[in-house]
Amino acid sequence: MSEKSFRQAINEALSMEMRRDPNVFLIGEDIAGGTGGDGEEDAWGGVMGVTKGLLGEFGAHRVIDTPISETAYIGAAIGAAATGMRPVAELMFCDFAGVCFDQIMNQAAKLRYMLGGQAKVPLVIRTQCGGGFNAAAQHSQTLHGLFTHIPGLKVVMPSNPYEAKGLLIEAIRDDDPVMYMEHKFMYDDKGEAPDESYTIPLGEACYSRDGEDITVCSLGRMVNLCNQAADELQAENINCTVIDLRCTSPLDEESICESIAETGHLVVVDEGYPRCGFAADIAALAAVQAQSALRAPVKLVTPPHTTIPFAPALEELYIPSVERIKQGIREALGV
Amino acid sequence: MTDHTIELSPEVALAAYRTMRTIREFEDRIHLNNAKGEIPGFIHLSAGQEASAVGICMHLSEQDHIASTHRGHGHSLAKGCDVVAMMDEIYAKRSGLCAGKGGSMHLADLSKGMIGANGIVGGGVPLAAGAALKSKVLSSDRVAVAFFGDGALNEGATMETMNLAKVLNLPIIFAMEDNGYGEATPSSWAIGGDAPARARGFGLATYSLDGHDFFQMYQTAGAVIADVRAGQGPAFLHINLSRYYGHFEGDAASYRPQGEVDRIRDEKDCLMIFRHKSVAAKLVTAEQLDQIDEEVIRQLDGAVEHARQAPLPTAEDLLTDVYVSY
Ligand SMILES: Cc1ncc(C[n+]2csc(CCOP(=O)(O)OP(=O)(O)O)c2C)c(N)n1
Ligand SMILES: [Mg+2]
């Protein structure tokens with residue numbers, strides 16, 4: 001056990017799996033940086049420095065920089081997975097899925113089923129998501145909802161370094177394509193995590209706080225905001241259960257429903273677009289499976305259904321804040 | 001090499017110098033003020049690449065369109081976007097070109113024929129083809145220019161668009177600005193084969209240009225744009241030039257060999273070359289250029305001050321320009 005940053009936790013998961021399994025390799029844009037040039041090698045290690053140092057240990061045949069051609073290299077990673085490898089491809093920002101979505105949606109997600117179970121696609125696509133950097137409309141989205149909508153894709157979003165490492169190792173070993181979403185605001189977040197290898201099952205939520213008054217569901221960075229809101233609300237005598245779902249697909253429906261049965265109230269907090277999104281999905285689950293336990297309407301705390309604005313003054317209003325989460329919880333409880 | 005300076009009037013030369021100087025000063029200010037923490041968001045500067053933007057855009061009217069990239073300040077200024085409104089936008093102010101909603105990566109002014117910078121590599125190239133398509137459908141003589149980088153040449157969107165433009169005979173110029181790098185990766189490595197040969201493979205008329213030399217840029221772009229305007233089909237410019245700052249503000253650029261940028265600044269700076277050539281040819285005087293330098297500095301002082309003082313967007317702005325009603 002030691003304190004690690006989110007970035008370090010991911011880097012460790014990658015290097016441990018690469019040591020363990022020669023079929024694991026990395027591919028992406030500037031995941032080393034400087035390839036073919038006269039300056040420093042491994043100059044970037046990814047735009048956020050997550051894969052830094054891996055080129056040195058594993059060499060350019062397993063840490064592969066590519067031209068700026070997402071359709072080609074994401075597609076090639078899918079093909080390599082379907083033919084027996086375990087690639088971890090980096091899609092720098094999840095917004096760029098727009099460029100290569102055919103390969104993700106129509107190829108990776110569907111091969112196993114469409115080919116009658118002959119193929120499996122043990123691929124991980126690591127990708128950054130999230131706002132907070134004033135990076136504007138095309139570099140700030142949180143598109144887990146979009147990926148979750150497609151049958152065949154698994155979707156993971158860790159909320160701290162411990163989860164980042166354990167979920168990534170599990171995702172690499174999983175035989176299905178996994179979208180692994182890293183919130184760009186969290187790379188320097190610190191937390192305790194084991195130094196050795198470990199896995200966290202996909203589709204198993206974690207109760208990150210226990211309280212009898214209300215169930216607050218979220219995942220990724222929003223979990224930390226929910227926990228802060230829950231801490232602060234104790235002063236108002238409100239005790240929250242905070243469920244960190246970790247994955248949207250598979251989804252731990254049981255934990256959500258069990259908790260609603262105990263608290264009778266539900267707030268869902270999410271950074272993704274609200275329409276047909278994660279928050280709406282959890283609300284629907286509650287309506288379908290836990291209706292009788294609900295003592296009040298479900299409350300959703302999400303951005304408005306707009307494009308993400310550039311100006312800090314607007315982005316601050318856009319992303320759910322601790323204040324808005326607290327207000328949502330109060331409203332759900334009618335206090 | 002032929003001497004391209006002769007063909008220019010002093011007025012055009014001075015206007016070109018003023019715009020190039022404005023771009024340089026604009027980028028230098030943003031570099032400094034970003035380091036002071038004044039500017040939010042992701043910033044990509046085009047200092048060093050001025051001659052390409054200006055040499056091309058001087059041949060375009062407001063009815064001609066350009067699409068740009070994440071490195072779009074220079075293209076925007078060259079296409080006539082307002083310096084103050086651009087600075088306001090980059091400073092995230094309500095009076096900005098895009099009301100503070102776009103920022104550096106999404107500068108645009110449709111009224112000036114500037115369709116937009118773009119956060120997606122290759123994303124603007126098909127949009128430029130769309131402006132060219134408008135011209136074709138309406139049988140007008142308007143043209144479009146797609147500015148894009150060496151890195152963007154490897155996107156499917158770019159290659160598909162080159163083919164589409166040829167097949168539909170669109171009035172578009174593909175202006176590939178090869179600054180040697182896509183992020184941290186050299187273009188010499190990332191582009192398989194030869195860039196102009198690739199464009200020729202699509203049947204485009206292809207030209208290789210030294211983007212450090214305004215006069216060469218201006219003259220060749222003028223001839224190419226005239227051909228495209230006359231309906232002779234799409235063309236491709238391979239423009240070699242150099243960026244001075246990191247890929248984005250904050251990039252230490254350690255992937256570049258030591259001293260590379262200093263050497264380029266000393267030997268190939270487009271403003272320096274312009275000055276040498278134009279003064280030597282007695283097209284303009286050094287004093288005239290010095291005076292423009294001073295005027296541009298004052299103009300940018302004003303723009304930065306305006307941007308600092310301008311009011312922020314307000315809560316209502318969050319929910320406008322989108323179809324959802326609340
Ligand atoms: C589709 C897509 N892929 C990757 C990126 C990340 N990215 C931003 S700029 C850039 C390099 C672009 O290189 P080039 O086209 O040569 O333009 P330059 O930055 O040199 O002006 C990359 C990879 C992006 N914005 N969009
Ligand atoms: Mg480039």
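I started with how the donors of the magnesium ion (ligand 2) are spaced in sequence, and I found D-x28-N-x1-Y. Donors here are N, O and S atoms within 2.8 Å of the metal (3.2 Å for Na, K and Ca), and sites may look incomplete since water is not among the atoms. This is a predicted model, where local features need pLDDT of at least 70, side-chain atom pairs need 80 or more, and totals for chains, interfaces and linings use all residues. Residues are numbered from 1 along each chain, chains are lettered from A and ligands numbered from 1 as written, and side-chain values use heavy atoms, without hydrogens or water.

Next I looked up the donors themselves: B:Asp150 (OD), B:Asn179 (OD1) and B:Tyr181 (O), at 2.0 to 2.2 Å. B:Asp150 sits in the loop between β3 (144–149) and α6 (156–168) of chain B, while B:Tyr181 is 31 residues away in strand β5 (residues 181–182). Helices (H or I, at least four residues) and strands (E, at least two) are DSSP runs, numbered from the N terminus.

Are these two buried or exposed? B:Asp150 is buried because its relative accessibility is 3%, and B:Tyr181 is buried at 10%. Buried means under 20% relative accessible area, exposed over 50%, partly exposed in between (1.4 Å probe, protein chains only).

Then I turned to chain A. I checked which residues of α8(A) meet α12(A), with contact meaning heavy atoms within 4.5 Å. In α8(A), they include A:Leu225 and A:Cys226; in α12(A), A:Val322 and A:Ile325 are among them. I noted 7 nonpolar, 1 polar and 4 charged residues in this contact (nonpolar: Ala, Val, Leu, Ile, Met, Phe, Trp, Tyr, Cys and Pro; charged: Asp, Glu, Lys and Arg; polar: the others, Gly among them).
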